[in-house]
Amino acid sequence: MAALNNLTEHLEAFVDVTRSPTHHAESLKAIATSLEKGVLSINQLVVEMDMYLTTTDDVVRARGSILLLAEMLDYLKSKPLDNAVVHSLIGFFTAKLAEWRSVRGALSGCLALIKRKGVAGVVTAVDAEAVAKSMAQSIQVQSLALYDRKLCFELLECLLEQYPEAMINLGDLMVYATCEAIDGEKDPPCLMIAFHVVELLARLFPSPSGPVASEASDLFEFISCYFPLHYTHTKGDEASIPREDLSRGLSLAISSTPFFEPYAIPLLLEKLSASLPVAKVDSLKCLKDCAVNYGVSRMKKHYKDLWPALKDALYASTKTDLSFGLESLTSPGFEMGEIHREAVNLLQRLVKQDISFLGLVVEDIRVNMVFDTISRYLRYEEMLDTSKLEVLVVSQILSVSARSSVESCNIIFETFFSRLMNTLGIVEKTSPGDLVHNENSTVSTRLYHGGLHLCIELLTASKDLIPSSEECTSTPESAQQSWCSIVNRFSASLIEAFTSAVQSSNDDCSADAYLGVKGLLAMGMFRGGSSPVSRSEFEKILTTLTSIIAANSAKTVKWELALKALVCMGSFIDRYSESEKAMSYMAIVVENLVSLVRSSHCSLPHPMILEATSEVCSTMPTYVEKMVEGFEEAFCSSFSDFCVNGNFKSIENCSQLLECVTNKLLPRLTEIDGLEKSLVNFAISMWNQIESSIVFSYDFNGREFVEAAMKTMGEIVGVASVDSQNSIIQKAYNVISSSTLPAMESIPLTVAALEGLQRNLSTRDELILSLFASVIIGASPKASIPDVKSLVDLFLVSFLKGYIRAAQALGSMINKLVTGSGGTNISTDCSLEEACDIIFHESDSSKTICGSETFLGKICLGFCGSLDLQTRAITGLAWIGKGLLMRGDKRVNEIALVLMECLKSTNSSGNALHPSAMKHAADAFLTLMSDSEVCLNRKFHAVIRPLYKQRFFSITVPILESLIVNSQTPLSRTMLHVALAHVVSNVPVTVILDNTKKLLSVILEGLSVLSVDSVHKETLFSLLLVLSGTLTDIKGQQSVSDNAHRIIECLVKLTSYPHLMVVRETAIQCLATLLELPHGRIYPFRREVLQAVTKALDDPKRRVREEAIKCRQAWTSISSRSTPF
C-alpha cells in the first residue's frame, strides 16, 4: 500500500509541468527502481495511470501517460517482459503516433521497445512493420522540434537495422518516408543518422528494380544538397559532432549504391574543380569511396573526365620546394598537403581497381613530355618553377601508379624506365659484369637531377612489390619478373650512376650527394630472393657508403646522408631477416667501422668514428656485440698506449669512447637484446686494463677522462642485474686490494694524523678510487660488497683527503645498509649501526653518537684541524647525512644540528668560524635537500622513504628561523638565510603553500639579505620562485594580501637586480600576478610599481623589457577599478 501511495506522489510530480527537471528525473528514477526491483508491476503502473490515460487534457495525457510509460520502458530495456505485454505496448504507442501532442512519448516508447533484444521480450516483425507504416503515414518529421526529429531518425535507423525483412515489405513507402524526413534537415546529429539511414536503405534494396533504384534521383537530390559540407556549428554547440565525422557519413551515403553514379560523379567532379580547398578534399575522398562501391563498369564511363580533374588537383596542390636535407632521405622530399594526399590515394585506388585506367596515365601528353623537361636542366635549382612542378607531379603520378600493383608496376617500367635510362645515359648490361658501351654518352655528364629524382621515386615504389616465397608460387613468372628484370638489366649502371653523383658532389651542391645516396639506398632496399640487385651489387652499395664514412674528415652533409642510409639499411635487414645481406653488412660495414675505432692511425676524427659505429651497429643485436667488443679492444689499446708511451691523444680517445657508451648505448638498453651483458663485460675489461697497468709512466691532470670513466662505470653498474653487479664489484675489489689504497685504512682518525693528509694519491690510485666509488654508488641494496668495514674506513679517510667521490660513495653505502645485527642487503659483514660506529665514534669514548661531540663533528666546528680539513669534513658529513635522510634515519637530525652550529659566528668555545667553513655548511643543506644526478637517486637504487623532505623541513625550518632571529653578525645571518633558502626551495610546493603564513616573512627577509651579494644570485632566484608560487594559490591568499606592501617593496627592488636576468624577469612577472589581489591592497603602491617597471623598459635584456611592457599596461589599467574596501 505504501508503494502505491509513493507511486501516486511520483506520478503527480512527473506530470506537474511547473516542477523542475531535477524533480521530474528523481520521480522517474524512483518509479523505474520500483519496477526493476519487482516492488511494482507494469500492470499496477498502468492501473494507477488510468486517470492520466483518460483525461481530456491533452498535455496531461501526453505527459502523464505516454511519455512516462515510454521513459519507463527505456529504463527497463533489459528487464524481461511477456511477449503479450510487449505486443500491447507497441500497439498502444503505434496508435499514439497519429496524435501530434503525444508524438514524443509515442516515438520514445516505440524506440525503447524496438531496441529490446534477446530474451527480454522483443517486438515481432509484424508489429515493427506497423510502426514503420504508421510513422511514415502519420508524422511530418520536419514540422517537429529538434529532439523529436532525432527520435524519428533513430527509429528509422533502428527499424532498418533490426527488422530488414519487414521493411522490405514496405518498399517504396520507406524510401518516400526517408526523403520526406531528410528534406530541409539542418541539425548535425539528425543529419548524421539520416546519412546512415540512406546507407541502410541502399543495402536493403540492391536490386535494379527496387525502390532505391527507381527513386535514386530524388533520394540523391535530398542528400547532395549538403555536399560539400558547410559546417557552422562550434564545439560548444549542444550534441556537437566533428565535421570530419559528418563529412564521412555524407560520403558513405553518396557512395552507398551504384544507382547514384549518374548523379554523383558529375557533381563530385564539379566540386573538385572548385576553388574551396575543403570541397576538393571532400570530393577526392568521396570519389575514392565511389570507386570502391560503384564498381569498374560504372566508373569507367567517367575516366576521361576523372583523369584530367585528378591530374589538375595534383598540379594545383604540389609545391616546388624539393628538400635535399637529411630528414627527406626516407620521404618524398616535398610537403604534401591534404589535397595532394587524397589525390594520390584516389589515383592508387583507381589504378589498383582497374588497370585500364593506367592507359590514360601512360598516354598522357603532359606525362610523356617530362623527359624533354628533364634533359633541359642538369641541376634542380636551374629549373623554372613550372619545370620543377612537372617533374615532381609526374614523378608522383608514375610512382603511385607503379606502387598500386605488380601489373601496374610492370606497365610503368616497360613504358618509361628504359626511356628514362636513355635520357640519363645509363646503359644496360648484356651479361653479368658486362655493360653495353655507348660512346656518345657518359654517365658523369648526364646526371640530370630531375631524372634521378624520377628514377629514385620509381625504384622506391617498386621495392615493396617483391613477392614473398608464398606469393612466388602462385604468381606467374612473367608477372613476377617483368619490372624486376628491367631493373636488373640496369642495376649495375644505376649503382655506378648514383655513386658518381655522390663522388662528384661538393659542399656547394648538396643535391648531388642527396640524390646519389638516396638512389643507393633505394637500390639497397629490395628484399627477398627475387631482388633485382645481386649480392655483389648490394655489397658495392655498402662499400660505397662505408667509404664515404671513412674518408670524410669533417661532418659534411654527404657524411650524414651516408650514415643515415647505412642505418636505414641495417634496420631493413633486421626487420625482414635478410640473412645473406646481414652477413655482407657485418663484413663490409660493421667490421670496417669497428676496425676504425680500434685503429690509432685513422684520419677521421674519433667522435665521428664513434658516432657512426654506434648508430650503425645499434640496428641489430649481433652488430651490438661486435661493436662493444671493438670498443673494449679500442679502450684497452688506447689506455695502454697512454700508460706506456704517454700518448695524450690516446687518453682523449678513451674519454670520447666512454662518453659514446654512456650517451649512445646505455639509453637504448631496453631496445637492444644482449646489450647489458656486453656492457658488463666492457666494465670488467676496464678493470682488467687498469689492473694490468701497474704503473703510469706519465702523470696527467685528466679530469675529463676520470669523469667520463666514473660516469660510464656507475651507469653500467646501475643498469646491470644484481648478479652482474656482483661480478663487477668483486673485480673492482680485487683491483683496489692490489693497490696502495688499503694502506689508508690504517691511518688513525686523529688530528695529528689527518693534518698531513693531502690530495697526493698517484694518478692510478686516484682513478681506482674514483671508479670503485662509482661502482658502490651504482650498486643495488641487494648486491654483495666484501669487507664493508674496511671500505668505510677507506672512504672516510679519502674524503678527508679531499676526494668528494669517496664521500658520495660512503653516503650511498650508509643509505643502502639495513639496520640491526641480523645482516644486511648490501653486505654480509656490516650493518648500518656498525658503519655509523666507524664514522661517528667519539674521540674519547666508545659511545656512538652523530652530533657535535663526535670527532667528525669537532672538526666541522673548528675545534681542531686546519681550514681545509674542516671544509672537507663538512662536505663529507653532508653526503653521509643525505644517505641517512633519504632512508628516514633520525641520525640526520644530529648532523643537521652540527651543520647549523657551523653557521653561527663562533663555536661553543668562543672561537670565530671561518667564512669559508660557514659557506660550506650553508651549501651542505643544498646537498641534503636537492635531487642529485650523480648519486643517491632512483637510477642508482637509493633507498628513498616517502616524505623525507617534508619531515626534514618540519624539523629544521623552525630552528633556522630561531637562529636567524638571534644571529649576531651579518655574515652568520646571511649564511643562515642561504641554508633556509636551500631547504625551502627544495621541498614540494604543497608544503610551502600549507605554511605560507609562517614562511612569508622569512622568505621576504631572505630575498632582501641575499640580494646584497652576487655570490648568492642562484639561491636568490630559487627563493624568488618559491615566493612566486605562493602569490596566486588560494591557501596563501590571505597571507599574501596581508603582506602585500612588503611583497611589493621587495619585488620592486629586485626589478633592478643587476647580477641575474631571470631574477629581474621573475620579479616583474610577480608584480603582474599581484594584480589578482584586492584593489585596496595594491592600489596605494601603484606609483612605486609603475616607476620600477618604467625603468625596466630600458633593461639590456629583451625578455625583461617585454615583461615590463605587459606589467606596466596591467598596472596602468587598475586606476579605473572600484575599491572593495
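Select E834 to begin: at 32% relative accessibility, E834 counts as partly exposed. That class sits between buried, under 20% relative accessible area, and exposed, over 50%, with a 1.4 Å probe and protein chains only. The model is predicted: local features need pLDDT of at least 70, side-chain atom pairs count only at pLDDT 80 or more, and totals for chains, interfaces and linings use all residues. Residues are numbered from 1 along each chain as its sequence is written, and side-chain values use heavy atoms, with hydrogens and water left out.

**Stop 1: around E834**

E834 lies in helix α43. Helices here are DSSP runs of H or I with at least four residues, strands are runs of E with at least two, and both are numbered from the N terminus. Now show what touches E834. Leaving aside neighbours within four places in sequence, E834 is in contact with K789 and D829. Contact means heavy atoms within 4.5 Å.

Pick K789 next. K789 and E834 form a salt bridge, and their closest N and O atoms are 3.7 Å apart. This pair links distant parts of the chain: K789 is in helix α41 (residues 788-800), E834 is in helix α43 (residues 832-840), and the two are 45 residues apart. A salt bridge is a side-chain nitrogen of Lys or Arg within 4 Å of a carboxyl oxygen of Asp or Glu. K789 is partly exposed, at 35% relative accessibility.

**Stop 2: more salt bridges**

How many salt bridges does a search of the whole structure find? The search finds 33. Select D364 and K311. Their side chains meet in a salt bridge at 2.6 Å, N to O. D364 lies in the loop between α21 (357-363) and α22 (365-368), and K311 lies in helix α19 (residues 303-317), so the pair ties together parts that are 53 residues apart in sequence. Buried or exposed, D364 and K311? Both are buried.

Now go to E1107 and K1110. Their side chains meet in a salt bridge at 3.9 Å, N to O. Both residues lie in helix α58 (residues 1102-1116), three residues apart, about one turn of the helix. E1107 is buried, with a relative accessible area of 16%. K1110 is exposed, with a relative accessible area of 52%.

Then select E261, R298 and K301. A network of salt bridges links these three.

**Stop 3: the largest cavity**

The structure holds four cavities of 30 Å³ or more. A cavity is found on a 1 Å grid over the protein atoms alone, as a set of points where a 1.4 Å probe fits but cannot get out; lining residues have an atom within 4 Å of a point. Grid points are joined across faces, edges and corners, and a volume is the space filled by probe spheres set on the points.

The largest cavity has a volume of about 80 Å³. Select its lining: M135, A136, I139, V141, L156, A177, E180 and A181. The elements giving two or more residues to this lining are α8 (125-138) and α11 (172-182). Helix α11 gives the most, with three residues.

Colour the lining by residue type. Seven residues are nonpolar, none is polar and one is charged. Ala, Val, Leu, Ile, Met, Phe, Trp, Tyr, Cys and Pro count as nonpolar; Asp, Glu, Lys and Arg count as charged; the others, Gly among them, count as polar.

**Stop 4: helix α36**

Select residues 675-692, helix α36. At 1.5 Å a residue, its 18 residues should span 26 Å, and the end C-alpha atoms are 26 Å apart, which agrees. The expected span is 1.5 Å times one less than the number of residues.

Buried residues in α36 include L675, F682, M686, W687 and I690. What covers the buried residues of α36? The cover includes α34 (621-645), α35 (648-665), α37 (703-719), α38 (722-737) and α40 (763-778).

**Stop 5: T974**

Move to T974, in helix α49 (residues 970-984). T974 is buried, with a relative accessible area of 15%. Leaving aside neighbours within four places in sequence, T974 is in contact with V1009, L1010 and H1016.

**Last stop: the whole chain**

Zoom out. The chain has 58 helices and zero strands. Buried residues make up 55% of its 1125 residues. Of the contacts with a separation of 6 or more, 74% join residues 24 or more positions apart.

Conventions: On a 1 Å grid over the protein atoms alone, a cavity is a set of points where a 1.4 Å probe fits but cannot get out, and a pocket is an open set with protein on both sides within 12 Å along at least five of seven lines; lining residues have an atom within 4 Å of a point.
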